[in-house]
Amino acid sequence: MRTRRQFLATTTSLTTVGLLAGCARSPDNTDERGAENTYTASIAPVGDVAFDGVPQRWVTSNGSWADMGVALGLDPPAAVTLTDRYHTHYYDDIPGVSVDDSDMVSLYQDGVNPERFYNLDADIHVIDPNFLEHRTENISQADIEDIESRIAPFFGNCSYAHHYEWHDDYRYYSLLGALERLAAAFKRRDRYEAIKALHADAQSTLESVVPAPADRPATAVVWGVGDAPTEFYPYIIGGGTGFKHVRDLGVRDAVAASGVPDFHGSRTAIDAETLLDIDPEVLLLRGYEDKTAAEFQDAVVSPLQSHAAAGRVTAVENGDVYRGGGLYQGPITTLVLTERLAGDLYGYDGELFDRQRVADIVAGAI
């Protein structure tokens, strides 16, 4: 199907869009406008967007894009959909890189109220407008058009998972592909190129870490429902930035092999008995990124070991139950999570990436 959002994007005048785009705000709060500052960036499904100045104040949908902004050296977004899903503690071990999210607004508060966008008054909305329309409450196509016309354009793509029906007819982006688009919007190409090189180095290191296919563990990725979970949302390890660290480590997908439906399509949970039927060698539990490894062991792993059915799962019996990583990953957070998971799965105890190099890139010392 061809979404209305795509039709609007391909027929909107760039001159008109340019007037709507967030322009760089000077210290006295006036706009730095002028033809010499005009440039264009493009992303599906929005299409071409003309900017007459570099955006300053921005909002975004999730931690994937927020982390891309950090990598590009931007100020943190004024808002994300859910602040508790943006795990800023991933930056703790990177010198000089931190995000103060104390004043960051959650767009989702019993639905997404369009009025919140007007109050935020951003220069750019780094959000896939189709996601906003189809996956959030209280937002209509008319609301999106009004926000664009009165505040600023949308510029985003929902790439964290590849399962939404309304996304079937326009492209997804890889993590670095999305970063490249955002870098174009914010005119930070130099940082993008530096992050791309850093990722290539990490991939090269992984070649010696990941064992041969026959020696890789059958792994189940599930979302645990609460502490001491007895219900789980099963995920097939598919495309999307949210599974990049798992794919890069080459595990075999125990959920896919079992025939249990993916939660993204079924929206249903499985019980511990079904988890035992899947019987993975490694169990990766999502939903616990706010816990340390010790807290995770006490609140989640120990109760699983005591459960009549879950305690007989091979991964639980062998102590191979780990935090699965956040669903929303950007170029920095995916490096942190890949390194952590490489240690969990394969005993890797090295440094997958140069943390000081990350700090330098963020600071613009390229």
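1. Let me start with the second largest cavity, whose lining divides by class into 4 nonpolar, 4 polar and 2 charged residues. Please keep in mind throughout that this is a predicted model. The volume of this cavity comes to about 40 Å³. Around the space you will find His199, Ala202, Gln203, Leu206, Lys244, Asp248, Thr334, Leu335, Thr338 and Leu352. Helices H8, H9 (244-248) and H15 each give two or more residues to that lining, and H8 gives the most, with 4 residues.

2. Helix H3 is the top contributor here, giving 3 residues to the lining of the largest cavity. By class, that lining has 7 nonpolar, 7 polar and 1 charged residue. As a reminder of the idea behind such searches, a probe the size of a water molecule is rolled over the atoms to show where empty space is left.

3. Helix H5 (129-135), strand S8 (231-235) and helix H11 (263-266) each supply at least two lining residues. Sorted by class, the lining of the largest pocket holds 11 nonpolar, 6 polar and 4 charged residues.

4. Now to helix H16, which spans residues 355-363 and in which Arg355, Val358, Ala359, Ile361 and Val362 are buried. How do these buried residues fall when H16 is seen down its axis? They sit within an arc of 160°, so they line one face of the helix. The cover over the buried residues of H16 includes helix H3 (63-71), helix H8 (189-206) and helix H15 (333-346).

5. At the start of the helix, a side-chain oxygen of Asp354 comes to within 3.0 Å of the backbone nitrogen of Gln356. Just after the helix, Gly364 has a positive phi of about 85°.

6. Is Val358 buried or exposed? Its relative accessible area is 1%, under the 20% cut-off, so Val358 counts as buried. Neighbours within four places in sequence aside, Val358 is in contact with Ile94, Leu198, Ile332 and Phe353. For a sense of distance across the fold, Val358 and Gly177 are 181 residues apart in sequence, and their C-alpha atoms are 18 Å apart in space.

7. Glu339, in helix H15, is a charged residue to look at with some care. Its relative accessible area is 14%, so Glu339 is buried. The side chain of Glu339 reaches the backbone nitrogen of Leu352 at 2.7 Å; Leu352 is also one of the residues lining the second largest cavity. Beyond neighbours within four places in sequence, the contacts of Glu339 are Tyr348, Gly350, Glu351, Leu352, Phe353 and Arg355. Two of these names come up elsewhere: Phe353 is in contact with Val358, and Arg355 is among the buried residues of H16.

8. Finally, some backbone geometry. Most residues other than glycine have a negative phi, and most peptide bonds are trans. Against that background, Ala44 and Pro45 are joined by a cis peptide bond, with omega of about 5°. Pro45 lies in the loop between strand S1 (39-43) and strand S2 (47-51). Lys187 has a positive phi, near 55°, and lies in the loop between helix H7 (175-186) and H8. Asp279 has a positive phi as well, near 50°; its place is the loop between helix H12 (272-278) and strand S11 (282-286). With a relative accessibility of 32%, Asp279 counts as partly exposed.

Methods. Residues are numbered from 1 along each chain as its sequence is written. This is a predicted model: local features need pLDDT of at least 70, side-chain atom pairs count only at pLDDT 80 or more; totals for chains, interfaces and linings use all residues. Side-chain values use heavy atoms; hydrogens and water are left out. Buried means under 20% relative accessible area, exposed over 50%, partly exposed in between (1.4 Å probe, protein chains only). The arc is that of the directions from the helix axis to the C-beta atoms. Contact means heavy atoms within 4.5 Å. A polar contact is a pair of N or O atoms within 3.5 Å; within protein, one must be able to donate a hydrogen and the other to accept it, and residues adjacent in sequence count only if both atoms are side-chain atoms. On a 1 Å grid over the protein atoms alone, a cavity is a set of points where a 1.4 Å probe fits but cannot get out, and a pocket is an open set with protein on both sides within 12 Å along at least five of seven lines; lining residues have an atom within 4 Å of a point. Grid points are joined across faces, edges and corners, and a volume is the space filled by probe spheres set on the points.
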